[in-house]
Every structure is written in structure tokens, then in C-alpha cells.
Amino acid sequence: MGRYIIRRLLQFIPTALGTMFLLHYLTSLAIQFSGDPVRALFGDRTPSPALVAAIRDRLGYDDPCLTQRGDLCLSLFGERLQGIFLHFDFGVNLRQREVTDLVADAIPFTIKIVLIAIIFEAVVGIGAGVLAGLRGGSFLDYLVKISTVFVISVPIFVLGVVVREYVGVKFGNVLREQDWIPDLISTGVFSAGFKADYPFASLIIPGLVLGATSLATTARLTRTSIMENVRSDYVRTAKAKGLAQKRVVGIHTLRNSLIPVITYLGVDIGTLMGGAVVTETIFNVPGIGRLVTQAARTGEAPVVIGVVTMLALVFLVTNLLVDLLYAVLDPRIRYE
């Protein structure tokens, strides 16, 4: 097990380097083709060349390669790697704030949204999938299949706007007119966007929206896995031994059925953090998604590289934890 973990951790290095170089090259191309982001800071004003040169030097945009279209900017990439690996310095944004400080301020909001989404899709999705899988062909089974197909077919940006307008605005206004309903619910939970006065309650609706599509996929995956394993020989043997139905389902059937579901949930953590870009923009949440969106619009390469690299590392770590969890669910799985 120890050697397997070390081998997987070593595999993180080329993946992280490849991700960083791809981001570096794409952001360099954007500057080469769209123009100097430092000059764009001044708008219609005409700054002195000395001031522009000083800001370029401070922000790391003074490399001549950024004026040559198609250049790989390998020297600039080497400088960025040196700053990251030696000093954990991802650079600064156009307002000269450290990228690490920006991420530290934004990531708690994204983590809360992702946790809400994961809990929502795991509890409701697995529960619905188990009920549908054990009652194949029943009304409940058809209800789960139809409702999940409907949720999957609706794009997240459409679902987010609809929920914001009808749940956060219209239904929320109805609740806010009732004096007996606490402000935590009427103003916090059922709000049209993020409220600083209710930093967790106002993230519940965005979290549920973020996890809705994944919930549908989790439910269908659990249903299929349950229906496949419930006909297995070891399940029939457990029933023949006279074991209670709860034990047959909870220990023998569900435990093996959860392996593909856990795989999906682990991969989905990284997907949800990336998908938070849309959800955080719709609900005005000051998280990682909105941060990287604004950085991409303004051409702040250090912010984009820093945020996406950190998200890639989160994705790699969660995949490793999921692989290790296989051995807990199925004792036959061993890592040498």
C-alpha cells in the first residue's frame, strides 16, 4: 500500500507540470494576440512609459516573448516554476494582490458549495437509486428514471437561472412577507444570491443546484449497479442462509454496488469545483469559480494558472483517496 501511494504521488508531478505548461501557453497566447493587459488597465488615459514598464516588471509581463505571437515563452515558464516550487509564489493579479491571498479568500465559499452538492447527491442520489434498483419495474423505478433524465437534460446555467428567479426571488418574496418565518430561512436560504450576513445559509440553494445534475447521474448509476448485483450468486446465497433483508441489502448488495458510485463521486468533486464557475456567477458567490472567470476576462495569467493548478491537484488527490477506498469497500482489492 505504501509503495502504491508513493508511486501515485510521483505521478502527480508530470500531470501538474503538464497542466501548468498548457495553462501558461494558452494565457501567453491570449496576451500575444489580444494585447498588453497592463496597458488596458489605464483605459483611455495615457500613462508614462516608465510607469507602464514598472507595472509590467512587477506583474511579470515584461518578457519580450509576450510580444511575439506563437512563442512558447519557455523562459517565463521557468521563472514561474521557480517562484512556485521554491517560494510557493504564484504571482500577483493586476491590482498587485497575491494569488495565494485571493485563493485563500475565495476557496472557503467554493468548498462549502461543493460539500453541500456532494452530500445532496450522495444521500438523495444513492437513496433513490437503491429504492429504484430494488423495485425494478415499479412506479418508483419509473419515477426515478424519468425525473433523472429530465434533470440531466437541463443545462446547469438554465437550471440555475430558473431556480434563482422562481425559488430565490418569487418564492423568497412570499416567505419574506410572512413575519413568523425566521430571517435565516426567508432572507438567508431563499435568497436570489449570496448574502454576507448569512454566509452559509445563502449557499444552500447554489449548492443544491450545483449537485442536481450529478445527483441524477448518481441515482441512475446506483440503480443499475443494484439491479445487477441483486441477481448475483453471493446475494442468492445470503438469502438462502436466511439472513435478514436489511443485512442482505446493506452488507452484501449495497457494499459492492457502491464501488462504481464512489468512483463517480470522487471524480465529480473536481468536476463540481470546475462547474462552480457557472453556479457562482449566477448566484454572485465570491468563490473560486467567479475568481477565475474574472481573471480570464481581464487576462490575469498568474491567477488563472494558480487557481486551475490548485484545482488539478485537488482532483488528483481525490482520485487517489477514491482508489484507496476501494479496498475498504471490497476486501478482495489489494494494492501492492
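Modeller: A nonpolar core is a set of buried Ala, Val, Leu, Ile, Met, Phe, Trp, Tyr and Cys residues joined through side-chain atoms within 4.5 Å. Buried means under 20% relative accessible area, exposed means over 50%, and partly exposed lies in between (1.4 Å probe, protein chains only). The model is predicted: local features need pLDDT of at least 70, side-chain atom pairs count only at pLDDT 80 or more, and totals for chains, interfaces and linings use all residues. Residues are numbered from 1 along each chain as its sequence is written, and side-chain values use heavy atoms, without hydrogens and water.

Biologist: Which residues have the most contacts inside the largest nonpolar core?

Modeller: They are Val114, Leu203, Ile205, Leu210, Leu272, Phe283 and Val285, in a core of 23 residues. H5, H7, helix H9 (204–229) and helix H11 (245–282) each give two or more residues to this core. H5 gives the most, with 6 residues. A second, separate core has 18 residues, among them Met20, Phe77, Phe90 and Val292.

Biologist: What makes these elements helices?

Modeller: They are DSSP runs of H or I with at least four residues, numbered from the N terminus; strands are runs of E with at least two. The chain has 13 helices and 0 strands.

Biologist: Why is Ile113 called buried?

Modeller: Its relative accessible area is 0%. The limit is under 20%, so Ile113 is buried. Ile113 lies in helix H5 (residues 99–134).

Biologist: What does Ile113 touch, not counting residues up to four places away in sequence?

Modeller: Ile113 touches Leu203, Pro206, Gly207, Leu210, Glu280 and Val285. A contact needs heavy atoms within 4.5 Å. Under that neighbour rule, Val114 is in contact with Leu210, Ile269, Leu272 and Met273. Leu51 is another matter: Ile113 and Leu51 are 62 residues apart in sequence and 41 Å apart in space, C-alpha to C-alpha.

Biologist: What makes Arg97 and Asp105 a salt bridge?

Modeller: Their closest N and O atoms are 2.7 Å apart. The rule asks for a side-chain nitrogen of Lys or Arg within 4 Å of a carboxyl oxygen of Asp or Glu, so the pair qualifies. Arg97 is partly exposed at 38% relative accessibility. Asp105 is partly exposed at 44%.

Biologist: How many salt bridges come out by this rule?

Modeller: The count is 3. Arg223 and Asp141 meet in one of them, at 2.5 Å from N to O. This pair links distant parts of the chain: Arg223 sits in helix H9 and Asp141 in helix H6 (residues 139–153), 82 residues apart. Both residues are buried. Arg164 and Glu165 also form a salt bridge, with closest N and O atoms 3.1 Å apart.

Biologist: Where does helix H7 (residues 156–176) bend?

Modeller: It bends by about 25° at Arg164. That is the angle between axes fitted to the seven residues ending there and the seven starting there. In H7, Gly160, Val163, Gly168, Gly172 and Leu175 are buried.

Biologist: What makes a phi of about 55° at Cys73 worth a remark?

Modeller: Cys73 has a positive phi although it is not a glycine. Most residues other than glycine have a negative phi. Cys73 is in the loop between helix H3 (49–59) and helix H4 (74–87). It is buried, at 1% relative accessibility. Asn284 likewise has a positive phi of about 55° without being a glycine. Asn284 lies in the loop between H11 and helix H12 (288–298). With a relative accessible area of 45%, Asn284 is partly exposed.

Biologist: Which residues form the nonpolar patch on the surface?

Modeller: Ile6, Leu10, Ile13, Leu17 and Phe85 form it, with about 490 Å² of accessible area together. Areas come from the Shrake-Rupley method with a 1.4 Å probe; for residues, only the protein chains shown count as cover. Helix H1 (residues 2–34) gives the most, with 4 residues.

Methods. Patches are made of residues with over 30% relative accessible area and no salt bridge: like charges are joined within 9 Å, nonpolar side chains (Val, Leu, Ile, Met, Phe, Trp, Tyr) within 5 Å.
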